[in-house]
Every structure is written in C-alpha cells, then in structure tokens.
Amino acid sequence: MYSHRFFAIALGLSVSQMLPAAQPAGIEFFESKIRPVLVQHCYSCHSKDAKRLRGGLRLDTREGVLRGGDSGKIIVPGKPSESLLIQALRHRGEPAMPPKGKLPDSVIADFERWIALGAPDPRRETAVSRRLSNAPDDREDFWAFRPLTKPAIPTVDSPWPHNEVDHFILDKLQSKGLAPAEDADRFVLLRRVYFDLIGLPPTPEQLEAFARDKSPDAFAKVVDRLLASPHFGERWGRHWLDLARYADSNGGDINATYTNAWRYRDYVIEAFNEDKPYDEFVIEQLAGDLLPAKTDAERDEQLIATGFLVLGAKMLSERDKEKLRMDVVDEQIDTVGRVFLGLTLGCARCHEHKFDPIPVEDYYALAGIFRSTLTISGSILGNVVISGWSKQRLSMPPELAAKRQELEKQLAQYTAQKTEAQQLLASLKKQKKNTADTEAKLKELIGRIDELKRKMPPIPMAMAVRDVPSPSDCRITIRGNVHRLGKTVPRGFLTLFEDGTIQPTIDPSTSGRLELARWLVRTPLVPRVMVNRIWHHLFGAGLVRSVDDFGNRGDRPSHPELLDYLAGKFVEEHWSVKKMIRRLVLSRTYQLSTHATPLAKAKDPENIWFGRRNRRHLDAESLRDAMLAISGVLDQKQGGSTIAGIGDKARRRSTEAFFRRSIYLPIIRTDVEPMLEIFDFPNPGMVTGRRAVTNVPAQALFLLNSPFVRQRSEETVNQIMAHAGSTEERIEAAYLRIVNRRPSAAEQAKALAFFKAISESEEIAREGWVDFCQALFASTQFRFVE
Amino acid sequence: MSETMTISRRELLRQTACGFGYLALAGLCAEEAAANPLRPRPPHRTATAKRVIFLFMHGGPSHVDTFDYKPRLIERDGKTYPYETPPNLSKGTQPILMKSPWKFRQYGESGLWISDLFPHVGRHADDLCLLRGMHTNGQSHGQAVMKLHTGSESLVRPSLGSWVVYGLGSENNNLPGFVTICPPTAHGGVRNYGSAFLPAFYQGTALGSAGIPASKATIRYLDSQQRSPERQKRLLGYLQELNRGHLERAQNDAGIEGVIESYELAFRMQSAAPQVLDLSRETKETLELYGIHEKATENFGRQCLLARRFAEAGVRFIEVAYSNAGGAPWDQHGNLRKGHEQHARAVDKPIAGLLADLKARGLLDDTLVIWGGEFGRTPITQGKNGRDHNPQGYTMWLAGGGVKGGFSYGATDEFGYYAEDGKVHIHDLHATILYLLGLDHERLTYRYAGRDFRLTDIYGRIVHDIIA
C-alpha cells in the first residue's frame, strides 16, 4: 500500500486513479449489490412506476428508503440488526419480503453490510425521474446546471494583483492562510508563454531582447505578438483536435483513409488564428451545412466544419447497417456531450443516467436529431459490405472548373471513340480479319484517356454531413438493442436546463441540428466548459479539474465565482478566445514561479488554489517541434494535405524527412507516429480534454536511442559550432538554445568536466558535443516547462 | 502527504547509496529502485495462474475442421442446411453443408477428438481444456478481433493484457509487464494491446509486427545505435547529473524524480531485454522441439520460444500472434484445404513444443495458455470450397494455469453452427481468465469519464466447471 501510494504520486497520478480498491466503496457497493436487487425484486411494488404503491414505501429513491413506509422507518443506518428491512428480508414474521420467496442468504448479507456502511445511496428523487413524474424542476440542485451568475470582483487589500483574475485568486489564497509565490524569472516566463501560446521555444535573440526591454508593457507586447502569430492556431488548434478526436484515418475495423480530414484540421487552425467567436465555431461544427452563406468560400468553410461529426471511428464493415447507424449516432451524442457540455450522455442509451439528470428520453430526443443526419453513406473499397461516409462538394476556383469542363469534353470524345474501336475489333475478330491497326488505335486511345484522367483537376470534397431526405423522430431502443424498439421520442434537447423559455421548437422538415447548436450555446455549460479548458491549458489544471466531466461525478470548481466571472466575460466579449487568453496570461497568477514555500507545500500540496505555477511536462508536439526549431530544420509551411498518395487504406509512412510541425503529421488511428504515441499523444479515437502524463521508460529509450533525437543533436552542434568561440561560450550557447537560460557556474564546471573526460581528437570531440546536446534535450530541464 | 512520501523516498535512496550510477551500473538494488506502477500486487483471491500466454490465431480457424468433431456434418455433406438460413451470410450463399476434409481421431487417455491438422497438439490432449461452446459478437474481423482483445467490438477500451497488468503488476522489474510478439496491424492494430484510458504503463509493448520475421522483432529504440556502451554510460551519467541538479533546485518534485527513475529503468531494460531476446543459448533439442530448424515452423516457433523466455523472466501477459502483413491468415473464404493446411502446419509443432517445454520446466502449472481466433467458420460452404465467418459458435482452448486437462466443455449444435450447451461468451472467457489469475472481474474497475469501467462491462460469468 505504502509504495503504491508513493509511486502513484511520483508519477503524477492521483491515488484514486491507481488503485481499484481506493474508490468510494459505499456507492460502488450499492451500485453492484443493492440497486440491482431493488430493481429486480422490489420496484414492482415500491417505486413511482408501481401499479399500486404498496405499504406507502418507495425504494427507488434515497429519500424513500430513509423515510420508510406505513410500518415506519425501515433502516437504521449503521445498525443492520435494528433495521426492519433486514428482518423482512429474513422472512421472520411480518412483513416478509419479497413476498414471492426469500432471497439468497448472500444477498441478505449484502444488505446487512450496506446498512452497516451507513446505507450509502447516490439516488436523488428528482434526478432520474423528473421527466416521468411531476416532481419539481431540479436544475437549481446542481451547480453546473444553474444559470451563469455575475460575481462581484473581490476587493483585496494588496498591491499584488495585476488584473481582476488575481483578485479572485488572492482572495481565496488569503482565506486559506496562503500567499502567492514569487514572480518567475524573466527567461522562465518567456519560455513558458512561448510554449503556451505557440508551442515553440524562444530563440536566444528573443530571450535577450525581452530581458533588455524594461518598459512596463514589455510582457504584454510579447503576448500580443504571440497571439497574432500564425503559429498560435497551430498550438491552440491542436488542443481542439484532441477534443474532436481528429485523425486522418478511420481506425476501427477498416482503416480507411480520411482523404479530406486535413481540411477540417486547417479550418480549426484558421478559426483560432482569426479568433472566430466560439459560439459561431460551435454552431458551424454542428450545423454548418444548414447555415446561410454569402460566398462560396464561406459555404465551403461551413461544410468543412461539420467534418467534426464525421471524424469518429466507425465499424464500417458492420453488416447490420441499422446498428452501424445507431452506433454512429451514439458516438456523435457522446462526443457533443463531452466536448461542449462536459457531460457523459452515452449512458442514457441503455438506462437512465445514474448520476446526472439525463433520462433515456433526452438521449433519444437527441438521437432523433443525429439519426436524421446523414453520416454513413454509400460503400467504399469496392465492397458493398463496407460502408462509406458522407461527403460534400466544395467550390472550385473558376479557372480550374473551366479546365475540368474542357478536359471532360475531350474525355467524352475519346471514350466514344474507344467504344467504337472496341466494337470494330470484336467484329474484325469474328470475321478473322487483321486486327493490328485497330488494336494499336485502341491502345493509343486508352493511353490518352488515362492521361486525361491524370490531368483532370479533382473536385475538392469535404467530409461533411447533411440532413437525410425525411428527418424523423427516433424510437427508444430497449437496452440499446437496435432491434428492440420502444416508444417514439420527439426530437429535442436536454431537459436539465429546462425553464420553459429556452426550449426552441424544431422545424419538422429538418433534422433540428441547427436549433440544437443554437440552443447549446445559450446553455450556461458551454461557456463554463470552454473557459475552463482555456484555463487548464494555461495553468496546467482546470478550475474544474475534470475538464470533460462537469456532471455529478466530476470535480467541483475550486473557484466557482472566478469560473462564472470568466464565463460571463467570455460571452460578453463576443466569445473571443484570444481576449480570454490575453486576460489570463497577463494576470500575475500566470506569471508566478513554480517555487513553493514549505507552508504552501504543506497546506496546498496539489496547488488547488493556484498560489504557484504548476511545473508541466512538454507535450509530444512541443517536444518534437522544439527540437526541430532548435536544430534549425523546422519547415514552417502551413496547411494542406499531408496524406496525398497514402492510398485508400491508411498505413503510416516514414516521417524521417518530414520537418513540418507535428500538427501536420498524418494521424493514422491504428498506428500513430511513434514519437507522439510515446509521449502521451491521446488516443485519436477518443475525446481528450486532459492528456495523460506518464514517465514510461519508452520515453527515456526514445530520447537516448532514436535517430530523430540524435540527428537533431547533430544539427544543433552545427548551429553552435557556427558561432566560433571558446568551449565556455559554446556551452552557454547550447544552454540558451535548448533550455532557454544561461548555465550557472557550477553547471559550466560540470559541462567542462564532461568534455575533459573525452579524449582530444577532433572527431571524438565532436561526438562529445553531440552527446552533450543530446543530454540537454533528454534532460528534465528541457522536458519540463517551469 | 505526498511531501513526506517524497522525502522519505529520497532519504531512502540516499541512505542506501542507490544513486543512479551505482544502482544501474552495478545492477544492484534493482528491486528497490524499480518499485513502480508495475510492481506486483496481491490478487483478489488465490490465483492458480500467474501469467498468460495467448496464442492468437488471426482470421478465425474453422472449429469444425480442428477441435469440434461433427459426425452429422460428415453424414449430411453436400445437403442443404435443414434449418432456417442463419443471418449475416454473404449474399448469394446457398446453405450447403460441407464436411471437414480432415479426419478426426481420439487422443490421450481423455480421448479428445482432434483433427489431423493438429497431430502434435493432439499429443497434449490430456492438458487441453476445449471450450466448444464459444460465441462472440462481430461478424467482421475488426469487430471480433477487438471484442476478443478488449471486450468491446466498437468502442476504444483497454485490452485484456492491460487490465491484467493493471490488476497484478509485473514480476520483472526490468521488463514491461505485457508483451505482444508480432501483433497484427489490421483490425484495430494497437487498440488490441492498448491501454485506452488506463495509464500508459499498462499498454502492451510490441516486438515487431505482423509480417516482420520473428528473428528481427525487437523493442523499439532498445538499441543504442552507433554509440558504444562506454559512451552511452558517460552520456547517461552526465544526463542524470543534470537531472539531479534540477531536482535539487526544484526542492523535490515528484515529476522530475519520476523521469530520473524512468532513465534508470530504461537502462536496465537495455541490458535485460536483449538477453531474453537472444535465443543463441538455447539447446539444439529445444530449437527442434519448437520446429525452429524447419522452414514451415521456424517463424512461429521463434515466437513461441520467445514467449516461454518472457514467461520465465516474469512477464505477466504475453501474446503471440499468428498473423501476416496482409491481415488475417486463417480467413479461408475459399481454398479451405490449402490454407488451413499451411497455417496449421506453421503453428502445430511450435505450440506442441511450447506446451512440452513449459511442462518440462514446471511452468505450465501456473501459466495459462489460451489458443483461439476471433471467431470460427461456418459448417456450410462459401463459394466452391471455403467457409464464412461464424461468431455464433466456435472453439477455443485453454491449457495449464489451473484448468482441467483432457476436458471438453460445451457444445455446438449437430452441425457446429450455434453454440448450444455450455455456452461461453467472450465476456465469460474474460471473467474466467481474470478469475484464474486471482482477479474478480467485477472488482477490477477503473474510473474514467465519471464511470467505473470493467473489462467485462456489465457482463461476464465465471465458468467454474472448467477449473481443476
């Protein structure tokens, strides 16, 4: 136990993540041992659905269990022997329950244990049954479903704050008897903000310039420059692609290539670069195809955005196509719920959500919308069993369109001639005449046709959805089985925010996606979830730590007022992501050092109150991109397909000579680029708002032994050697480039000692430099951002 | 809490002089230093199996031609299947029954019926526990392969091996806990040994991949390239010095310390793994036992021998895939005779060799060997001379690890189409495997996205009847 705990902590995992046994035992026990028995043996007489409620007793809610029935209280929590329920279960006297026969002793023992545990029970009366009963509206019950509040900025008696964010943070720190850490060193701060905003390190020149600029707005100038950099979208777009489970292939059973997924990737990068208002961004991804467009370009962009709904992994070879269709709907509902609302909706496919107020009806109300959306379409790979996905044509530049038209005309002519020649050939053969000339002609024609086809400018296509011809409501499937159908549920939205004013109606001739999208961005969860994601990426942990789960089982916000304040500002400032980032980065809280005082460490070991900076691992892309940049080989080309020629079935190709930023690496679902995979790149089939952080030995092996790191080290040596100078100067140059600071005197001495141990021949000396740079690349100073 | 833990750990390291250089280079204190997430943990109950070797037959070998003897099928050869046509047949397929082209005979004291495709394995009949009432979901390879490996035919879920290592840790501090030898790249690829939402420590480490000769299969980046051992040692020494300097400045940080330890483990792996991979010290008799001296059996023989070596070295879960670059070798939609003969020849002797070798070394008692494909094949013909996919009923077998030997459990119907008696679903097989390893499939949970996940989802029934 002791050592488990230690290593869980050492590896940055919480203890509950590591140990199956450490999870809240009571609720688990209830869910696995008690609830199923209640459902099976008791609910028919003791629940809201009972034809006739017996004995005035309800066992389908916690309140009911605690209240008891006509015979009085049925349990005394903690005291099984005094509980009427146990006596009834034992069939000793009256009442004897269940009346049909005594349950097995082991089950009764479970109930005793449960009561001994204090009768833990997560069920709330209103949560699961609101739609079905006339229970009062409960949206006030849970923080995340409440409307946004407008908290006042706390007044603090201190000159410390830079902006209002700091007021909230300092106020909380003070109330906990804590003080903020000192400010970060300027070099440290610059490295931090470069990685956070553009995912690349500053150059030695940029470091020096910032150190020299003593003006009060020196940092703000840097921030504005980085926000305006085209690399900003490459950094923040990638965060979004983690959520969008972006990939260039299907994965799943048939790893078909997503030839046009890159257009969605580029759309996302561009959206962040041009600071597209987040509400528009959401609406376009869910219903871009249903929006009006003024220009072809706008129309294209809106179609491409809906690729979001198509990107999921699908079982394309599923022979039961209705099941495939509903599985895709399920994937879409789950994705939309997690990404935009921070809610897991998938549970409700088979049963009422156990922890959040999401009844089965709500799931099927949404399912009707997505089932009325065409996602699976046609077949691919020349196999009728293997389904394809929905695509839409994009506009073509006029000159290309004209060229295509011209070539199509020629193609038609040649094809006609070819048919003629074939017919002639057949009749000549029948007559046993000489066919040499005709055969030659045919060969020539085939050659021309092939050439024309090669020259033909392809019609640009996007992975994009559309409404099906006759949208309709969906029937509930019993426990998720698509062939066991229950009642029909009208298309609609979640009822957990329902207050009578914001449930719009759906035009029955459409799927309802556009109404859904517009409704979504008016819920309080969408801005809350997004500002929390932004906070998470900048501070290394969210105000709500479970960034993808704002439900009952998720974490509660550490700073609920700050969260609502920021969410409100976000909406007020037209959903500008850049303004939000700017506000957060210019706060003093962002600029703190990682150094924790003993008091802070003792009182706030996990830095819940943000009194210091979280030390963070460089993510896979930053690690790779930084090495490319530092070694001087980074190719800054942006956008475009990087999977051309990969074929219909995706296979990873060598990326040895691919020096573009990592966001442009092809993402093959079953075979992710090893470097990315090793450094905790998320599974591209899953929605990921918070990446795992590990120290697996594969990372160490990669940094020590891979050709990639060795080559970058060699190129970096070339860079350093180009600046002629003493060994000391070169050591300093390597430090500045790779870890973005000057070495201390002690570090200089250690480095010199390292070189001294190597013999003097020039060749070996160079090897020494390569090893030296590689050691810096492998070092924790490079791998962490302070 | 974490603070005191961190300090005591550091103190411990200091007091025992287990600094990096001493520790890794001298190979001492490895036990202590490698205490990590893979550290062995006590099971939920007394285990009969300590480790697993899973022989995965990619493509779906036909049960009615291997381990499920069907006299009625022989009798009715060429006749129309007399019941309602089963669902999901390829279009245009006439339901004509086809007997097996191979003879079946009884083996061992138990008298289990096994076809002439597996004469070598047949000699181990008294160690085999046939599950002849297997059934699964997924009519296509992708679905069924993932169902077998992860319990889900469509969603991204942790693989069986990952769950096992998550539950039990590993017995070897210098090797990964879950190794997969030449895994398929198709039909889910990495998903079949991935950890999904479980921490990455629990994912399978691949040696090579399907289509790569087993003689070339190795762990990625294990080799230090052109760098001499001396140079590598110097580089590492300096690197760890840098890292310790950082750790000191940071006044103890669990993350930095974790990285320092990962370099130690990597260094140990660099010397431990090549030793396991090196077959040169095996005797001629052993190599011949596995068929490594013959062309047809050389490749799979090597894979099986590697599996034994990993098992011996304390690796918890070892998968050996019979697969190829193109996909699913056992997938005989046509040319059943030629295909199955070729594949059976490639695996029969190596598997028999593995069973014999494990037994001779006393390892079979606590090693659970699992054999099988993602589904079986139809008793009716497809095309001229092939068989289609059949997830409705098929056979897998187990050996060692506390299961009954010379035992047959469950049955398909008279023709071998549907599992009928003693039905074992993949979820049930998973629950049973975990049980044999001492794990309770209902208690082995992991919380992700607000829910507690299990390998067996909400299903799974332990097949107590097959346990010795």
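B:Asp457 lies in the segment after strand S17 (451-454) of chain B; strands here are DSSP runs of E with at least two residues, helices are runs of H or I with at least four, and both are numbered from the N terminus. Phi of B:Asp457 is near 55°, a positive value in a residue other than glycine. With 14 other C-beta atoms within 10 Å, B:Asp457 is partly exposed. A residue is buried if 20 or more other C-beta atoms lie within 10 Å of its own, exposed if 12 or fewer, and partly exposed in between, with C-beta atoms placed from the backbone.

This is a predicted model, in which local features need pLDDT of at least 70 and side-chain atom pairs count only at pLDDT 80 or more, while totals for chains, interfaces and linings use all residues. Residues are numbered from 1 along each chain as its sequence is written, and chains are lettered from A and ligands numbered from 1 in the order in which they are written.

**Confidence**

The predictor gives the complex an ipTM of 0.79 and a pTM of 0.78. Its confidence in each residue is the pLDDT, from 0 to 100. In chain A the mean pLDDT is 88, and 93% of the residues reach 70 or more. Residues 1-23 of chain A have pLDDT below 50, and this stretch has 42 contacts in the model beyond near neighbours in sequence. Residues 126-140 of chain A are also below 50, with 26 such contacts. Two residues are in contact if their C-beta atoms, placed from the backbone, lie within 7 Å. For chain B the mean pLDDT is 87, and 91% of its residues reach 70 or more. Over residues 1-35 of chain B the pLDDT stays under 50, and the model has 46 contacts beyond four places in sequence for them. Where pLDDT is low, the predicted coordinates should not be read in detail.

**Chain A as a whole**

Chain A has 33 helices and ten strands. Its C-alpha atoms fill a box of roughly 100 × 95 × 50 Å, taken along the principal axes. Of the 786 residues in chain A, 45% are buried. Among contacts in chain A with a separation of 6 or more, 66% join residues 24 or more positions apart.

**Contact between the chains**

On the chain A side, 69 residues are in contact with 67 residues of chain B. Helix H28 (residues 697-705) of chain A gives the most to this side, with seven residues. The side of chain A that touches chain B divides into 28 nonpolar, 23 polar and 18 charged residues. Here Ala, Val, Leu, Ile, Met, Phe, Trp, Tyr, Cys and Pro count as nonpolar, Asp, Glu, Lys and Arg as charged, and the others, Gly among them, as polar. Nine of the nine residues of H28(A) are buried, so H28(A) is largely enclosed by the rest of the structure. Among them are A:Pro697, A:Phe702 and A:Asn705.

**A pair of helices**

Helix H3 (residues 25-42) and helix H6 (residues 105-116) of chain A pack at an angle of about 125°, with their axes 10 Å apart. Axes are lines fitted to C-alpha atoms, for helices over the stretch in contact, and angles run from 0 to 180 degrees between N-to-C directions. H3(A) and H6(A) are therefore oblique to each other; angles under 35 degrees count as roughly parallel, over 145 as roughly antiparallel, 65 to 115 as roughly perpendicular and the rest as oblique. From H3(A), A:Phe29, A:Phe30, A:Lys33, A:Ile34 and A:Val37 meet A:Val107, A:Asp110, A:Phe111 and A:Trp114 in H6(A). The residues of this contact divide into seven nonpolar, no polar and two charged.

The table gives the C-alpha to C-alpha separation of two pairs.

| Pair | Apart in sequence | Apart in space |
|---|---|---|
| A:Leu343 and A:Asp275 | 68 residues | 26 Å |
| A:Ser622 and A:Asp196 | 426 residues | 9.5 Å |

A:Leu343 sits in the loop between helix H17 (321-341) and helix H18 (360-371) of chain A, and is buried, with 29 other C-beta atoms within 10 Å. A:Ser622 is in helix H26 (residues 620-630) of chain A. Leaving aside neighbours within four places in sequence, A:Ser622 is in contact with A:Phe195 and A:Gly199.

Two backbone details remain. The peptide bond from A:Met97 to A:Pro98 is cis, with omega near -10°. A:Asn740 has phi near 60°, a positive value in a residue other than glycine. Most residues other than glycine have a negative phi, and most peptide bonds are trans.

Methods: pLDDT is the predictor's confidence in each residue, from 0 to 100.
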